[in-house]
Amino acid sequence: MAFTINVNGQMHSVDVDGDTPLLWVLRDVLGMTGTKFGCGVALCGACTVHVDGVPVRSCITSVQRLGNREVTTIEAIGATPAGARIQKAWLDLEVVQCGYCQSGQIMSASALLASNAHPTDSDIDGAMSGNICRCGTYVRIREAIKQAAGAI
Ligand code: FES
Ligand code: FES
C-alpha cells in the first residue's frame, strides 16, 4: 500500500505494509541511515526521531500512524535552532565515543532543548533516561546539553 509521508520537509511516497515501522522505511526505503536500529522494542532510544517535534521511537511507530505529521531525523535536526546548538555542543565537548547511540541521543536532547530552554539536571535525566549508551558517554551528554542551553 502506498503512503505519503513528510520527512525533513519533503514528501515521500512509499509502498509498504501499513504496519511497517518508520525505522525500516527511513533506512531501507528512503536510504536515511543516520537513524539507528538497536533493540527494536523501544528500550534503547537509538532509533529516536521527531514526529511534530516530539521524540518517538521509530522502531515501534508504524508508517500508517503518521498521517500528515512531520518526521524530522538526524539528517535534518541541525537545521533547527535547538538541533544546531546541540550538535555544536556535542562537537565542542567531543561527546561521541563509538557513535552508535548518538543520533538518538541528539534527537532526544534537541527535543528537550526546543521545549525547555533551561533544563535542570532532573529535566535532563528525565528526557534522556530512555537513551542507552553502552560506551557510557552520559556525563558528557549532560554537559553538552547544559552548554547548548547556555548554562555553562
Ligand atoms: S531500536 Fe528503537 S528503541 Fe531501540
Ligand atoms: S557512544 Fe557508543 S553506544 Fe553511545
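Which residues form a nonpolar patch on the surface? In this predicted model, the patch consists of Trp24, Phe37 and Tyr100, which together present about 280 Å² of accessible area. Of these residues, Tyr100 is located in the loop that runs between α2 (81–92) and α3 (102–115), and its relative accessible area of 41% places Tyr100 in the partly exposed class.

Most of α3 is covered, with 12 of its 14 residues buried; among them are Gln102, Ser103 and Gly104, together with Ile106, Met107, Leu112 and Leu113. The elements that cover the buried residues of α3 include the strands β3 (48–51), β4 (54–57) and β5, as well as the helices α2, α4 (121–128) and α5 (138–148).

A residue of α3, the buried Met107, is also in contact with Thr73, a residue situated in the loop between β5 (70–72) and α2. Thr73 has a relative accessibility of 0% and is therefore counted as buried, the cut-off for that class being under 20% relative accessible area. Within its own stretch of sequence, the side chain of Thr73 is joined to that of Glu75 by a polar contact of 2.6 Å.

Methods
Residues are numbered from 1 along each chain as its sequence is written. Chains are lettered from A and ligands numbered from 1 in the order in which they are written. This is a predicted model: local features need pLDDT of at least 70, side-chain atom pairs count only at pLDDT 80 or more; totals for chains, interfaces and linings use all residues. Side-chain values use heavy atoms; hydrogens and water are left out. Patches are made of residues with over 30% relative accessible area and no salt bridge: like charges are joined within 9 Å, nonpolar side chains (Val, Leu, Ile, Met, Phe, Trp, Tyr) within 5 Å. Accessible areas come from the Shrake-Rupley method with a 1.4 Å probe; for residues, only the protein chains shown count as cover. A salt bridge is a side-chain nitrogen of Lys or Arg within 4 Å of a carboxyl oxygen of Asp or Glu. Helices (H or I, at least four residues) and strands (E, at least two) are DSSP runs, numbered from the N terminus. Buried means under 20% relative accessible area, exposed over 50%, partly exposed in between (1.4 Å probe, protein chains only). A polar contact is a pair of N or O atoms within 3.5 Å; within protein, one must be able to donate a hydrogen and the other to accept it, and residues adjacent in sequence count only if both atoms are side-chain atoms. Contact means heavy atoms within 4.5 Å. Lists of a residue's contacts leave out its neighbours within four places in sequence.
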